[in-house]
Every structure is written in C-alpha cells, then in structure tokens.
Amino acid sequence: MTSSGAAARDPGASRPQDGREGALMSIGEVLAHLRTEFPDTTISKLRFLEAEGLVDPQRTASGYRKYSWNDVARLRFVLTAQRDQYLPLRVIREQLDRMEKEPVVPQRPTLVAVGTQRATDPADTRIPKADLLERTGVDEALLAELEQIGLVSARPPGWYDADQVIIVEAVVGLTRYGLEVRHLRAFRNAADREVGLFTQLLAPLARQQDPAARARAVETARELQALSQRLHAALVRSGLRGELGR
C-alpha cells in the first residue's frame, strides 16, 4: 500500500499526538495544515473537491464547514494522487470507495510521510536524441520521418519529453507488425481532431481567472483523456471482434 493509501485508510495518520483526535477544524485550518505538503492548495480547491464528492465535511448550524482528521487524510490522499500519479478524480474516488469497503486492521496511530517520491511531469522530462534512440531501438531515419509527418516533435535544442518516448515506442511496436509510417498519419490526424474538440470544451473554464475554475479545467482535461482512451480501446476491440468472428 502506498503512503497516501495508508493515510486515507488510517484516520490517525499524520494527526497530532496531543489528545485532540476528535477536534474539528475550519477550512482555513485545514488549508494551513495541507499547505506544508501542497503549497498550491487553495480554499477554492478544497471546495471544488467537496463538490466532486471526494470529501464531506460536517456543517455547523450557521453553515460553516468543519473537517475531521479523517477528512484531512482523504484530502491528502486525493492531492497526492493528483500530484504524483496524475490520476483523474473519478479514479481517485473509486480507490477511496474500495478502501472504505475493505476491513481496516486497528493499529496505533503513526505519522505517515506522504508524497516523498514525487513523479515528474512528462512535459518536464528532457531526453537527448541519443538516449531516445537507445531506449526505443528506433533508427535515425525512422525518427526523422516521424518528425517530418508531425508524429514526434523535439524541443529546442533537440530534447524530447517523456510523451515523445512513449510515441516512438508505440510506433516501433506497430511497425514490427507491418504498419508503415504512412499508415500512422491517421493517428496524428485523429489526435489533432480530439485536441481541437476538447479545447473547445475546456475554453470556457480555461479563460476564467477563478482558481476553482482552473482546477476544474485541469481535472476535466484528465477525465476527457481517460474517457477518450477507453472509447478508442473499446471501439477497436469491438471492431476486431467482429472481423475475427468472435
């Protein structure tokens, strides 16, 4: 189990050891507690996660939110999964639901370090051409052809990000089955059409200055990518099943 999973499963994880386990906190106190690990977190972000059903704080008679340490553990789990694994909220919610249904073995509350191994954003990775060639097994001629048709792109002065490595690895695998570069143009064109469509859907949120709207735009982009991948895989499976008579 990951450290973030342990924090979500054990309400005692990362709580103070001064006998205040039952204390409830305001949203400002929760924000101050989380910002030591997640400095970009805002009150708008916490309200957004509540609206998405990831946390359900209590409410006072006056309508003020009051968070338990279990709520803080859930928020830490969500923020860690988003930051380190780039998971959409739908997947994170499913993981939390599964963990709530599993029996928890009582244990002594302990401090849990969360997010000590932070993942690198694929766009921030810089891989030189020589390493790309060695890692993927692609030859220079094929790489140049892929760049020419726009399937792969290098960043000045010749670096490649992690997504370009994934693209090249996939292309190498497909060419082993007989596909030629000219067949791959359809993948590029289809991806461009999806990007254009999704950009239109995200534009209203992306234009807003409200941090909550921007957070919703990022999350919506994750959801759209995940749904697109599921749709594409299902369509291909269904089509091949029909062709193979299954």
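In this predicted model, helix H9 meets helix H10 through a set of side-by-side partners: Glu194, Phe198, Leu201, Leu202, Leu205 and Ala206 belong to H9, and they touch Ala213, Arg214, Arg216, Ala217, Thr220, Ala221, Leu224 and Ser228 of H10. Sorted by class, the residues of this contact are nine nonpolar, two polar and three charged.

How do the axes of the two helices lie? H9 spans residues 181-206 and H10 spans residues 211-243; their axes come within 9 Å and cross at roughly 160°. Angles over 145 degrees count as roughly antiparallel, so H9 is roughly antiparallel to H10. The crossing in which H9 passes H10 is right-handed.

In soluble globular proteins, nonpolar side chains tend to be buried together. Here, the largest nonpolar core has 25 residues, and Val30, Leu34, Leu46, Leu49, Leu75 and Ile92 are those with the most contacts inside it. Which elements give two or more residues to this core? They are helix H2 (27-34), helix H3 (43-51), helix H4 (69-85) and helix H5 (89-101). H4 provides the largest share, with seven residues.

Setting aside neighbours within four places in sequence, Leu46 is in contact with Ile27, Val30, Leu31, Leu34, Thr41, Tyr67 and Leu75. Apart from this core lies another one, of 17 residues, with Val138, Ile149, Val165 and Val172 among them.

Key. Residues are numbered from 1 along each chain as its sequence is written. This is a predicted model: local features need pLDDT of at least 70, side-chain atom pairs count only at pLDDT 80 or more; totals for chains, interfaces and linings use all residues. Side-chain values use heavy atoms; hydrogens and water are left out. Axes are lines fitted to C-alpha atoms, for helices over the stretch in contact, and angles run from 0 to 180 degrees between N-to-C directions. Helices (H or I, at least four residues) and strands (E, at least two) are DSSP runs, numbered from the N terminus. Angles under 35 degrees count as roughly parallel, over 145 as roughly antiparallel, 65 to 115 as roughly perpendicular and the rest as oblique. A crossing is left-handed if the near helix is turned anticlockwise from the far one by less than a right angle, and right-handed if clockwise. Contact means heavy atoms within 4.5 Å. Ala, Val, Leu, Ile, Met, Phe, Trp, Tyr, Cys and Pro count as nonpolar, Asp, Glu, Lys and Arg as charged, and the others, Gly among them, as polar. A nonpolar core is a set of buried Ala, Val, Leu, Ile, Met, Phe, Trp, Tyr and Cys residues joined through side-chain atoms within 4.5 Å. Buried means under 20% relative accessible area, exposed over 50%, partly exposed in between (1.4 Å probe, protein chains only).
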